[in-house]
Structure formats: C-alpha cells, structure tokens
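Here is a friendly walk through some ring pairs, a helix and the nonpolar cores of one protein model. Keep the viewer open as you read.

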Amino acid sequence: PMLRGQLHALATERQALLLKAIESDDFYLRKLGELEASQQRLLEAIDGYDKFLDIHLLWVRSASPTQVEALGTLPEDIWRILSPRGWHEVVQSLRYQATHSPVFILLAAVLGILIWRRKGFVASIRSTSKKLGKPTTDRYYFTIQAFILTMVLSATWPLVMVVIGWQLKVSVEGTNFSSAVGGSLIILALHTFYIRGLRWISIPGGLAAEHFRWSESHLRLLRREMNRLTWIYLPAVTVATLSFNLDPLSVGREFGQTAFVIAIAAVALTFFFLLHPQNGVFAAYVRRRGSRALSHLLRLFHLLMPAYLLILVGLPVMWYIYTAAVLLEMTVRTAWLGGDLLVVSAMVQRWLVVTRRHLVYEAAMERRQS
C-alpha cells in the first residue's frame with residue numbers, strides 16, 4: 001500500500017511514453033514510405049540515365065582539352081602504380097583479413113589444396129586417354145571427367161584472384177590503392193579463366209588432343225597464342241584497369257592508356273595468327289570442306305579482324321577511351337563465346353562418336369553370335 005501511489009504514477013508515465021513511442025513509430029513509418037517512393041523514383045531515373053548513356057556516351061570523348069593538359073607525366077604514372085607504399089598497403093590489408101576473416105582462411109585453404117593437386121589433375125586427364133578408342137573400354141564419362149578436371153585447373157588461379165580481390169575490397173584496413181587493386185583482380189579473373197581454359201584444353205594428351213582429336217599443329221598454335229595473351233594481354237589489362245580505378249576522372253592517365261593500347265595490339269596479333277588462311281586453327285576445316293566460299297570468308301576475317309582492332313588502337317589517341325574499351329570488351333566476349341561454342345560442339349560430336357561406336361560394336365557382336 002505504501003508503494004501503490006508511486007507505482008501508479010510510474011505506470012501512468014510509462015503509458016504516456018508508450019503512446020509517444022507509437023506516435024513516433026507511425027511518423028517514421030510514413031517517412032520510410034516516402035523515402036521508399038523517392039528511392040524508387042531515383043532508381044527509375046538511374047535506369048533511364050543508363051539507357052541514355054548506352055546510346056550516347058559511346059561517341060563522347062573521355063576527356064576534354066583542359067583535362068588533357070592537366071594529366072601527369074608518364075614517369076609519375078608509372079611510379080604511382082609501382083610505389084612500394086601502395087603495395088605495402090595491399091599486404092597489410094591481406095594480413096589483416098588473414099587474421100580476422102574465417103571465410104578468407106577457409107577459401108585460402110581450399111585454393112591451396114587445388115593448387116597442390118594440380119599435377120594430380122593433369123595426370124588424371126592424361127590417364128583417361130589410354131581407355132579411348134576401344135568400344136570395350138571407351139566411355140563418354142571419361143570425356144566429362146576430363147572436361148571437369150580441365151575446368152578446375154582453369155579456374156584455380158582466377159578463383160585466387162577473385163578471393164584476394166574481394167578481400168581487398170571489403171577489408172576495413174583497406175585504402176584507395178588496395179581497393180583499386182582488388183577491383184582490378186576481380187575484373188582480370190574472368191579474362192584469365194578463358195585464356196587459361198583454352199590453354200589447359202590444348203595441352204598434349206589433354207581434352208582437345210585425345211578426346212576431340214584436334215590437330216597437334218593447331219593445338220600448338222593455340223597454346224602459343226594463349227601464352228602470348230597470358231604474358232602480354234593480361235598484364236596490360238591489369239595495368240589499364242588499375243590506372244583507371246586509381247584515377248577515373250583522368251581515365252587512367254598516360255600509363256593506363258598505353259597499357260590499354262598494348263592490350264588491343266596483343267588481341268589483334270592473336271586474331272591474325274589464329275585466323276590465318278593457311279596456318280590458322282580453321283584452315284584444315286576449310287580445306288576439308290573444299291568450299292571456296294568458306295575459304296574467301298576466312299581470308300576476309302583474317303584481314304578485317306586485325307584491321308578492326310588496330311583501328312581501336314587509334315581511338316585512345318583521340319581520347320575515345322570509353323568507346324575503345326566497350327568495343328574491345330564486346331569483341332573479346334564474342335571471341336570467348338565462339339570458343340565456348342566450339343568446345344560444346346566438340347563435346348556433342350564426341351558423344352555421338354562414342355554412341356555410334358558402341359552401337360556398331362553391339363551389332364557386330366550380335367552378328368558374331370548369330
């Protein structure tokens with residue numbers, strides 16, 4: 001009874017506070033609804049602006065004359081990327097993630113196992129070739145197994161790049177330089193996967209040589225060109241992307257633009273050799289078909305593709321850097337799509353060959369028993 005009055009006063013005060021809290025919740029819910037509507041309008045405006053840029057930005061210069069005059073010199077641009085301070089920041093960010101991120105540790109362990117098992121994967125791919133060609137031992141399962149192992153080998157280093165790049169971008173200890181390096185590694189990973197994929201497919205005793213029965217001379221050419229892209233195109237794309245991420249307003253400055261031009265030239269050189277009418281990868285197919293139309297078409301592509309890419313080299317000189325980047329990306333993606341279709345076609349043909357061989361063998365055994 002002595003505390004009843006105080007408790008009643010506290011309950012009355014609490015009730016008033018709860019009513020105020022409910023009113024505040026209603027007010028904030030209305031504001032959140034208005035904010036959601038505003039955000040939806042903003043997203044629609046961004047989508048419309050993206051469509052507008054897709055149509056018009058391709059033909060706009062990436063820099064004005066005043067920006068061109070304000071660009072730094074080439075030695076300064078080189079030092080900005082090669083500076084030990086920036087790479088020390090990258091090491092510090094990775095060291096922090098290695099000690100504070102369980103996901104990073106787990107992924108690093110998985111990738112380490114894949115790298116350690118690489119020779120075993122190669123041996124497994126080559127061991128399947130001993131069972132091919134004979135109806136009693138040949139199975140399409142061996143081709144699927146070799147394909148999966150080849151893709152694992154191809155994806156090992158790209159996965160390393162993706163994991164490192166992702167961790168650099170999300171690290172709380174990250175800096176502008178380490179974040180730029182992380183973004184560049186993520187972009188580079190897809191290019192590396194396709195290039196290394198074609199390289200692993202064409203190894204001696206591998207998927208293309210033993211399962212697809214592609215010519216060794218063509219595979220040797222393919223390996224050589226993929227090595228060229230690995231040692232020229234990939235570093236150039238890395239430098240160009242890193243330069244742009246560090247200084248997007250100046251579109252990567254001179255060093256990034258020079259690296260971009262080198263990347264275009266490397267792709268042009270690869271197309272020149274791969275599409276050669278006499279020694280290219282499609283030359284034997286065209287000769288086997290005996291079609292003059294295909295021969296003329298191959299000659300036309302052999303001249304047009306390198307010429308088209310060399311024209312792209314002139315676009316960065318005239319400061320149409322975004323235009324050149326978009327056209328190069330579309331060209332490279334088209335080339336990767338063509339490679340994917342060739343591999344899928346070879347897989348389907350291999351399945352048809354194995355199926356036909358088994359049917360013929362079963363029919364021969366039935367005739368023998370009869």
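F27 is partly exposed in this predicted model, because its relative accessibility is 37%, a value that falls between the 20% limit for buried and the 50% limit for exposed.

Y49 and F52 form a stacked pair, with 6.5 Å from centre to centre and 15° between the planes.

| Pair | Centre to centre | Angle between planes | Geometry |
|---|---|---|---|
| Y49 and F52 | 6.5 Å | 15° | stacked |

What separates Y49 and F52 along helix α1? They are 3 residues apart in this helix, which spans residues 4–56, so about one helical turn lies between them. An α-helix has 3.6 residues a turn, so residues three or four places apart point the same way. Y49 is exposed, with a relative accessible area of 52%, while F52 is partly exposed at 44% relative accessibility.

Elsewhere, F193, Y194 and W336 make up one aromatic cluster. A ring can also meet a charge: the charged end of R224 sits over the ring of F273, 5.0 Å from the ring centre.

Now to the nonpolar cores. Which members of the largest core touch the most other members? Among its 45 residues, they are V181, I195, Y233, I264, L309 and L328. Helices α7 (140–170), α8 (176–201), α10, α11 (253–274), α13 (292–317) and α14 (321–369) each contribute at least two residues to this core.

Setting aside neighbours within four places in sequence, Y233 is in contact with H191, I195, R228, A263, A266, V267 and V332. There is also a second, separate core of 22 residues, including L149, L153, V163 and V343.

Methods:
Residues numbered from 1 in each chain as written. Predicted model: local features only at pLDDT ≥ 70, side-chain atom pairs only at ≥ 80, totals over all residues. Heavy atoms only, no water. Buried < 20%, exposed > 50% of the residue type's maximum accessible area, 1.4 Å probe, protein only. Phe/Tyr/Trp six-rings, centres within 6.5 Å; stacked < 30°, edge-to-face > 60°. Helix = DSSP H or I, 4+ residues; strand = E, 2+ residues; numbered from the N terminus. Lys NZ or Arg CZ within 6 Å of the ring centre and 35° of its normal. Core = buried A, V, L, I, M, F, W, Y, C linked by side-chain atoms within 4.5 Å. Contact = heavy atoms within 4.5 Å.
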